[in-house]
Amino acid sequence: MARRRDYSYISPCVKWTLFFFNFIFWLLGLLLVAIGLYGVVFTAQEINGLKSVEVAYIVLTDLSGVMVALGTIIFIVSFAGCVGALRENLCLLKLYFWSLTIFLIAELMFAIACIIFPWKSREIIESVLSKRLIEDYRESQNTQNFVDFLQRQFECCGITNEGYQDWNSNEYFNCSQESPSAEKCGVPASCCIKPWNMSTYNSMCGYGIQEKKRHEVSETINPGGCVTSIIHFLESNLYWAAGVIFGITLFQMYVTHQARSLMDQITLQRARWESEQKYLLDSRWY
């Protein structure tokens, strides 16, 4: 009889596995928020001369602002899963379970949209990235560093199929007659091809590039857009990319199933406890 009373529907393996995974992601979310906040403060100080509305827009859409938002979401969701598993709290576990479910559905819908409407999805992605990264290239050091990293790493220039001509939408590289910039009709140095016998890029190699045809600049810069280069990179490493995506999705499904299992176990345990309490209460009347 003593063994029967000590029995619990809640599996320690499920409970502590869920706690362990979410504790790691909770720390990861905290780290992202900390790094992002440092970047936000740095960016806000850097663009202090602008209006408060412009500063707020640049900070919120900056890479550091995105990191803060992403880190906050990871922090809240993993905190709910971590504490919910530790304290066997159904409310927190429900928040965790439904958050992961919504994320999975959103990812599935995005994947389906990319498969069914590949060109339209690409056009939307290119439009959003081009507006944020190209037009605001010089507004934030974080954005500039990120774009330079992309262009050097993937040997590209610009975002869309227009390639290096995308930089015409940036006020510093614009080719308009009214532009007073010394970099007029140019592209950033990160677009340039680094000669094999030089350890650094020529900072002036991109000057006047937009006035030339694509075949004329191919020996000086990488003329193609970064989205195309990234797609080619993923296609050339298709098995690795598919493996990473499948692994992430499988992990999300696993922890979602673990959360659902733990919720069911807690419900059964509470029902058992309530029935025992009712039995004890009824036995006192007889």
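This is a predicted model: local features need pLDDT of at least 70, side-chain atom pairs count only at pLDDT 80 or more; totals for chains, interfaces and linings use all residues.
**Overall architecture**

The protein contains 10 helices and zero strands, and its pattern along the sequence reads α-α-α-α-α-α-α-α-α-α. Of its 286 residues, 36% count as buried. Among contacts between residues at least 6 apart in sequence, 69% join residues at least 24 apart.

**Helix pairs**

| Helix pair | Axis separation | Angle |
|---|---|---|
| H4 and H5 | within 7 Å | roughly 135° |
| H6 and H9 | 10 Å | about 130° |

Helix H4 comprises residues 63-87 and helix H5 comprises residues 90-116. Their axes cross at roughly 135°; because angles over 145 degrees count as roughly antiparallel and those from 65 to 115 as roughly perpendicular, H4 and H5 are oblique to each other. The crossing of H4 and H5 is left-handed. On the H4 side, the contact involves Ile73, Val77, Ala80, Gly81, Val83, Gly84 and Ala85, which meet Leu92, Leu93, Leu95, Tyr96, Ser99, Leu100 and Phe103 of H5. By class, this contact of H4 with H5 holds 11 nonpolar residues, three polar residues and no charged ones.

The second pair joins H6 and H9, which pack at an angle of about 130° with their axes 10 Å apart. H6 and H9 are therefore also oblique to each other. Arg122, Glu126 and Leu129 of H6 make the contact with Val227, Thr228 and Ile231 of H9. The residues of the contact between H6 and H9 comprise three nonpolar, one polar and two charged.

**Nonpolar cores**

The largest nonpolar core has 20 residues, of which Tyr164, Trp167, Val187 and Ile221 touch the most other members. Helices H6 (118-134), H7 (141-153) and H9 (226-236) are the elements that give two or more residues to this core. One of the named members, isoleucine 221, is in contact with Tyr164, Val187, Cys191, Cys192, Ile193 and Ile209 when neighbours within four places in sequence are left aside. Another core, of 16 residues, lies apart from the largest one and includes Ile10, Ala80, Leu90 and Leu262. Of these, Ala80 also belongs to the H4 residues that meet H5.

**Buried residues of helix H9**

Within H9, the residues Cys226, Val227, Thr228 and Ser229 are buried, and the buried residues of this helix pack against H6 and H7. Val227 and Thr228 also take part in the contact with H6. Serine 229 lies in helix H9. Its relative accessibility is 17%, and serine 229 therefore counts as buried, the limit being under 20%. Leaving aside neighbours within four places in sequence, serine 229 is in contact with Phe154, Glu155 and Cys156. The C-alpha atoms of serine 229 and glutamine 153 are separated by 9.8 Å, although these residues are 76 residues apart along the chain.

**Glutamine 265 in helix H10**

Glutamine 265 is located in helix H10, which spans residues 238-283. With a relative accessibility of 16%, glutamine 265 therefore counts as buried. Not counting residues up to four places away in sequence, glutamine 265 touches Tyr9, Ile10, Ser11 and Val14.

Terms used:
Residues are numbered from 1 along each chain as its sequence is written. Side-chain values use heavy atoms; hydrogens and water are left out. Axes are lines fitted to C-alpha atoms, for helices over the stretch in contact, and angles run from 0 to 180 degrees between N-to-C directions. Helices (H or I, at least four residues) and strands (E, at least two) are DSSP runs, numbered from the N terminus. Angles under 35 degrees count as roughly parallel, over 145 as roughly antiparallel, 65 to 115 as roughly perpendicular and the rest as oblique. A crossing is left-handed if the near helix is turned anticlockwise from the far one by less than a right angle, and right-handed if clockwise. Contact means heavy atoms within 4.5 Å. Ala, Val, Leu, Ile, Met, Phe, Trp, Tyr, Cys and Pro count as nonpolar, Asp, Glu, Lys and Arg as charged, and the others, Gly among them, as polar. A nonpolar core is a set of buried Ala, Val, Leu, Ile, Met, Phe, Trp, Tyr and Cys residues joined through side-chain atoms within 4.5 Å. Buried means under 20% relative accessible area, exposed over 50%, partly exposed in between (1.4 Å probe, protein chains only).
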